[in-house]
Amino acid sequence: MRILGIESSCDETAIAVVEGREAGRKFLQALRLKPYGLNVLTNLVASQAALHAKYGGVVPEVAAREHVDVIFPLLIESGIARDGSEIDAIAVTAGPGLVPALRVGVELAKSLAWVWKKPLVAVNHLEGHLYSVLLQEGSEKLEFPALALLVSGGHTELILMTDHGQYERIGATRDDAAGEAFDKVAKLLGLGYPGGPAVSKMALTGNPEAIAFPRPMIESGNFDFSFSGLKTAVAVYVKGRAAAGRSTALGLRLKEDGITDICASFQAAVVETLVTKTIRAVEKFHPKSVILAGGVAANKSLRESLAHALQKDLTLLVPDLSLTGDNAAMIAAAGYFHALRNDFVDPLTLVANPNWKLAK
Ligand code: KG4
Ligand code: ZN
C-alpha cells in the first residue's frame, strides 16, 4: 500500500510517499513478527526557517502564503503520476498547528482525494512524530505499551501508546514547550531562529555545570513539565551579566562572554528534567519500549542522556536525524496504520483543527 503524506502545520511544507510492505503481512503475523516494514520512496521538505528568521519566529500568515506557493511544485517534484495511480491513500496533517498553514495541506489533500477517488486519512501531527521512529531499521523492536517523550516546538508530552492509534497522555508542559524554551533562549542570546540547533551547537563547547539553572518541577510527584521559569532564569542571568558590564551579545569574544556556558547549562537543565521524568514514568508504567520524538529529539545530549539512563534491555526508538523535524514521511507512516484499520475521513467534511489533542 502506498500512502501520499502531506504536511504543512507550521513552517515546513512537505510531501512524501511511503510504502507499507503488507505483502506477507499475515505470514509475518503468524510467526508473531511485527510487519511494520515501511519504505520511504519520496521525502521532500521545503523549510521556511530562513523566511521566518527575520521575525524571530513563525508568522502564520507568512507561513501559509509560502505553503501555497511551494506545495504544488513540491507535489510535481515528487514525481507522482498525474492520475494518482500509484497511490492507495492520502494522509494529511489536520492538526494541531497554525490554522492558515494547516489549511493549505488539508485543502490539497481533500482535492486530490476527491479527484483521484482515494481514501483520505486525517493525521494528528504529534502522532506523525511518534511514527517517525518506524521509518528506519530496528523499528520492528517497537512493543506496546510504549512510552513516548514527545518534544517539539509546540509540545512537550509524555504519552503512553498502548497500541496503534491508542494514546494516553500522562504528562505535558504547563507553559512553554521544550523546543520553545530553546527558541526563546536563542533569541535572548541573539542566536537567531530556530534556536534549538544554535543553542545545542554552542553548548558543545560550554560547561554544563557553569551555571546552576533550575530544574523546573523535577521533584513534583506528577509527569508534567514547565519551562517558562527556566527561560526567565536565563533572562535574569543574562541581564545580571549585562549590568555587570559583561555583555552577552554575539560578535564579542564568545568564550569570555560565557554564551557557550549559558547554552550548555541551560541545555543540561532541560535534558535532566526531561530524562528524570521519563525514567520515573518508565518505573511507574513499565513500558516495553520507549520512543523519543519531535524536533528536540535532534538534540545530541538528550538522545545520549536518555539512552544512558534507560536500562539496557529496554528498547529506545529514536528517529533518524533527518526525520526528527517536521516531514511528511512520518505523516504517511501514521496514515498507513490508520488505513490498515480503514480509519478514513470524508473529504467533504474534513476541517483543520488547530487544537487537536492526541490524547486526553
Ligand atoms: O517538531 P518540530 O520540527 O516542529 C514542531 O512540531 O514544533 O520541532 C521544532 C523545534 C524547534 O523549537 C527547534 O528549536 C527544536 O525543535 N530543535 C532543537 C534541536 N533541533 C531542533 N532543540 C534542541 N536541540 C536541537 N538540536
Ligand atoms: Zn512537529
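This is a predicted model: local features need pLDDT of at least 70, side-chain atom pairs count only at pLDDT 80 or more; totals for chains, interfaces and linings use all residues.
An oxygen atom of the ligand sits 2.8 Å from a polar backbone atom of Gly 153. And for Asp 183 it's the side chain: one of its N or O atoms is 2.7 Å from an oxygen atom of ligand 1. In total, 18 residues surround the ligand. The closest ones are His 129, Gly 153, Asp 183, Gly 196 and Gly 295.

His 129 takes us to the metal. Which residues coordinate the zinc ion, ligand 2? They are His 125 and His 129, each through NE2, plus Asp 326 through OD, with distances of 2.0 to 2.1 Å. If you read the donors along the sequence, the spacing is H-x3-H-x196-D. His 125 belongs to helix H5, residues 125-131, while Asp 326 is in the loop between S10 and helix H12 (329-340), so this pair ties together parts that are 201 residues apart in sequence.

We've got five strands in an open sheet, ordered S8-S7-S6-S9-S10, and the pairing is mixed. Out at the edges are strand S8 (166-172) and strand S10 (315-317), each of which pairs on one side only. From one strand to the next, the twist averages 20 degrees.

Let's zoom in on one pairing there. Strand S6, residues 146-151, runs parallel to strand S9, residues 289-293, and the two pair over five bridges. If you want a spot to look at, find Ala 146, which stands opposite Ser 289 in S9. Then there's helix H11, residues 300-309, lying across S6, S9 and S10 and running at about 170 degrees to S9.

Next, a residue I'd like you to click on: Asp 176. You'll find Asp 176 in the loop between S8 and helix H6 (178-188). Asp 176 is buried, because its relative accessible area is 7%. So what does its side chain do in there? It makes a polar contact of 3.2 Å with the side chain of Lys 184. Another polar contact, also given as 3.2 Å, joins the side chains of Asp 176 and Lys 231. Leaving aside neighbours within four places in sequence, Asp 176 is in contact with Lys 184, Phe 227, Ser 228 and Lys 231.

Over at the other end of the numbering, have a look at Pro 347, in the segment after H12. At 19% relative accessibility, against a cut-off of under 20%, Pro 347 counts as buried. What does Pro 347 touch, not counting residues up to four places away in sequence? That would be Lys 110, Ala 113 and Leu 120.

Last stop is Val 238, in helix H8, residues 228-243. Val 238 is buried too, with a relative accessible area of 9%. From Val 238 to Ala 64 is 35 Å, C-alpha to C-alpha, and they're 174 residues apart in sequence.

That's my tour, thanks.

Note on methods. Residues are numbered from 1 along each chain as its sequence is written. Chains are lettered from A and ligands numbered from 1 in the order in which they are written. Side-chain values use heavy atoms; hydrogens and water are left out. Two strands pair if DSSP finds at least two bridges between them. Helices (H or I, at least four residues) and strands (E, at least two) are DSSP runs, numbered from the N terminus. Axes are lines fitted to C-alpha atoms, for helices over the stretch in contact, and angles run from 0 to 180 degrees between N-to-C directions. Contact means heavy atoms within 4.5 Å. Donors are N, O and S atoms within 2.8 Å of the metal (3.2 Å for Na, K and Ca); water is not among the atoms, so sites may look incomplete. A residue is near a molecule or strand if one of its heavy atoms lies within 4 Å of it. A polar contact is a pair of N or O atoms within 3.5 Å; within protein, one must be able to donate a hydrogen and the other to accept it, and residues adjacent in sequence count only if both atoms are side-chain atoms. Buried means under 20% relative accessible area, exposed over 50%, partly exposed in between (1.4 Å probe, protein chains only).
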